[in-house]
Amino acid sequence: MQSKLVNKKHAKPIPFDKLMVYIIFVIVFVFFSILLEPKGFLNITNLLNILRQTAVISIMAVGGTFVMASGQIDLTVGAVAAMSSVFSALVLQKNGSIILSVLAGICFGTFVGLINGLLVTKLRLPAFLATLGVMQLVRGSAMKITDTSAIPIDNDTFTYIFGAGSVGSIPILVFWTMLIYLIGAYIFYKSSFGRHVLATGGNRLSAEYSGIKTEKVLIISFIISGLLAGLGGVLYAGRLSAGRFSYGDGDEMSVIAAVVLGGTAMSGGTGAILGSLVGSLLMGIINNALILANLSSAEQMMIRGAIIVVSVAVSNLTQKIQKAA
Amino acid sequence: MDNYCLKLNKISKSFGVKVLDDIDFALRKGEIHALVGGNGAGKSTLMKIMTGVYSKDSGTIEVNGHEVDIHNVENAQNHGIAMIFQELSLIQTMTISENIFLGREIMKNGFRNTKKMNEETSFILNKMGLDLNPEITVEHLSVGNQQMVEIAKALSKNAKILVLDEPTASLTDNETQKLFEIMHSLKTEGVSMIYISHRMNEIFKIADSVSVLRDGKLVFESIIQETSIEEIILHMLGSTSDVNLLNWQERSYSSDEVMLQVIDLSINDQITNINFDVKKGEILGLAGLMGSGRTEIVETIFGIRKKLNGTVLLNGENLEINCSADAVKAGIALIPEDRRRQGLVLIHTLKDNILLPNIKAYEHNGWINENQAVNATQAKIDEFNIIAKSMFYPINLLSGGNQQKAVIAKWMDINPKVLMLDEPTAGIDIGAKEEIINIVRNYADQGNSVIFISSELSELLAICDRILVLHDGVISENILRKEILKEEELQYAIQVS
Ligand SMILES: Nc1ncnc2c1ncn2[C@@H]1O[C@H](COP(=O)(O)OP(=O)(O)OP(=O)(O)O)[C@@H](O)[C@H]1O
Ligand SMILES: [Mg+2]
């Protein structure tokens, strides 16, 4: 017999695609720490500020990981966050109930996720197109019902719990992020649903032949993404004390970048929840550093784009070298 | 000796473990050389080294007496070497001629010269005796014809040495016949071929000489006239193994109780009013040509296809199956025909693939018990003798036959009451075939029912208690195994009826 299963349980290949983001993160962090030391990059307040500012992207990236690991894409998250912030603010204004207001935001997100899922599975639209359309529909509606004006929130408890507050010196948004990542990581890594998501993204036909309800898996993935985008909207409302149609503009792109940087393949079938967190933080650090460096917003945009391209390229190249070896 | 067109000297290759060990191999001009060996013996790897897909660790390659460097597929092509892969590699959405000229399109004034390419494609196809329109998209071709197109593609690049890796695994008998004819005519034109197959009778039909690989070593080489099936199998399995060809064995279990009953099942306008039953402990064979409806019937029972009407009873109870998940819940499993597309998630690990249909069983209070999952996987790997570096490696790195064993292993974990297998032994070596047949037999002996589809009649005759012959969606015969005396009778029933 050929050497059968040498070293039975221990021989695991090193997942370079998943590890790269951590290495890049450390390099970028050290680089900015040295370069921007005089500008206070390493100050605790600045670091906590980064965490606060990236919280929404980080949370939406959990949903993004599910959707992309299942082989789909969700472009609606930024628009959903905007509309959810508006809904929360409106309900709070009219009714005053925090619970109802939060429910309104989250339910709206869930609803859009369901619609996305149905469009992709039942009507077989490509996810890119379906969610591109829904994104415009949602943001347009948000603009229309608010007439482009902000809906102010005047409820300290709400803003404390959902954005502005902190426990000790730690912003409450950090706790929200941790909570969502704990749940997300559990579902992704430890439940059978997580396996089903990966199988559906890895080879939908084979998953179907394995007795998995792939349509259901896709719909639930979109719902998770929508729900978290809805929560993101509530958190925007809390942090900025208002609901507004323009929140979360471009978030869908940040989420995609964070998720891909984190080691999830756009083609589906592999994914890393914690990688998405690191990916989001990486984006947050870059944004923060570029602002500290006093760059114009044009320059910021250019450099941000370049860094994303270089990071993904580095990550892919290492994988190629690793494979060729 | 200069009648060798290709020589491989002391080729070694390791992927962490040694896969090829000092292989010497020589191919004469104009011969068909069969390369055989068990699953994972290293056949495909050796050929991929020769054709520039993999790089060798050591050794040299000579073409027509000159040492050559082959680093990529293009190098190999320039030396006239081409390979038809085990996994077909045509682009499904492009036409035949676009595929054949992919990467070296004929241009005219900066435009693709479609007319010229179509003409040349027609010319090659005609030379091979194929009557196909060069402008058909490949996805509309049968697997057999796709294979022919692959060969045409290689020939159009002036291949003088052609490697065919298990080309007949998914061909019908007629298509196989056609392929052999083409191989014969290529031979007379001076093309040398290396032919990999697990089907011994084919090798004796077509090959001039044979080499046997075992565990990465070349253990035997002979002119075909000077050897026998038994001798080859002996070398494949190693001298210690006893050579036990596929023979019918008396079944120990028999029952009159019906397990699965199919009543008036209609699937499309071709396949209508199908009626049959399977008893407890019975192994029912479905025979027929490709396209006769065998796959459609099992896929419909499994809920992958929608039925038009008809009922399926399991243990006398009506089965409402609308999707594959319902079938799994009812205890029905299907091992699908195409392992790479339907059977496996290629980018996932061996472990994830094996556990996929039954992952819920390892979930307690919402948590997957990793230890239990690993142990269950290990048990399946041992039981089915799956050769892999580790259960955590992606399954596409396993040899073809071991991938197939994994597809079967993944379904045995749910302990189905009805097990349906669609061409389960395609690409599997003799030893593993025997193992799979034994597994199926034991499984049926526990009172479970089996529906077994195969295009290899000797295999159906070895394992089935009863065989249904399908013809254009109609069951034309229902024969007890005992009533069939010779393989030819079954062959006749399938072809004519
Ligand atoms: N890219 C790879 N990385 C790691 N291991 C590999 C790779 N390709 C092949 N192997 C291993 O090399 C061994 C030989 O594989 P190979 O595909 O050559 O077998 P084979 O003789 O063609 O078998 P089969 O009849 O099943 O197709 C197997 O154990 C396989 O797992
Ligand atoms: Mg092979």
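The lining of the largest cavity comprises 5 nonpolar, 6 polar and 2 charged residues (Ala, Val, Leu, Ile, Met, Phe, Trp, Tyr, Cys and Pro are nonpolar, Asp, Glu, Lys and Arg charged, and the others, Gly among them, polar). The model is predicted, with local features requiring pLDDT of at least 70 and side-chain atom pairs pLDDT 80 or more, while totals for chains, interfaces and linings use all residues. Residues are numbered from 1 along each chain as its sequence is written, chains are lettered from A and ligands numbered from 1 in the order written, and side-chain values use heavy atoms without hydrogens or water.

Across the whole structure, 4 cavities of 30 Å³ or more were found (a cavity being a set of points on a 1 Å grid over the protein atoms alone where a 1.4 Å probe fits but cannot get out, with lining residues having an atom within 4 Å of a point). The largest has a volume of about 90 Å³ (the space filled by probe spheres set on the points, which are joined across faces, edges and corners). Of its 13 lining residues, B:Asp173, B:Gly288, B:Leu289, B:Ser455 and B:Ile494 lie nearest the centre. Strand S15 (283-288) and helix H17 (487-495) of chain B each give two or more residues to this lining (DSSP runs numbered from the N terminus; helices, H or I, at least four residues, strands, E, at least two). H17(B) provides the largest share, 3 residues.

The second largest cavity, of about 60 Å³, has B:His198, B:Arg199 and B:Lys433 among its lining residues.

In chain B, 4 strands form an open antiparallel sheet in the order S14-S13-S16-S17 (pairing requires at least two DSSP bridges). Strands S14 (274-279) and S17 (317-318) of chain B are the edges.

Definitions and conventions. 1 Å grid on protein atoms, 1.4 Å probe; cavity = no way out; pocket = protein on both sides within 12 Å on 5 of 7 lines; lining within 4 Å.
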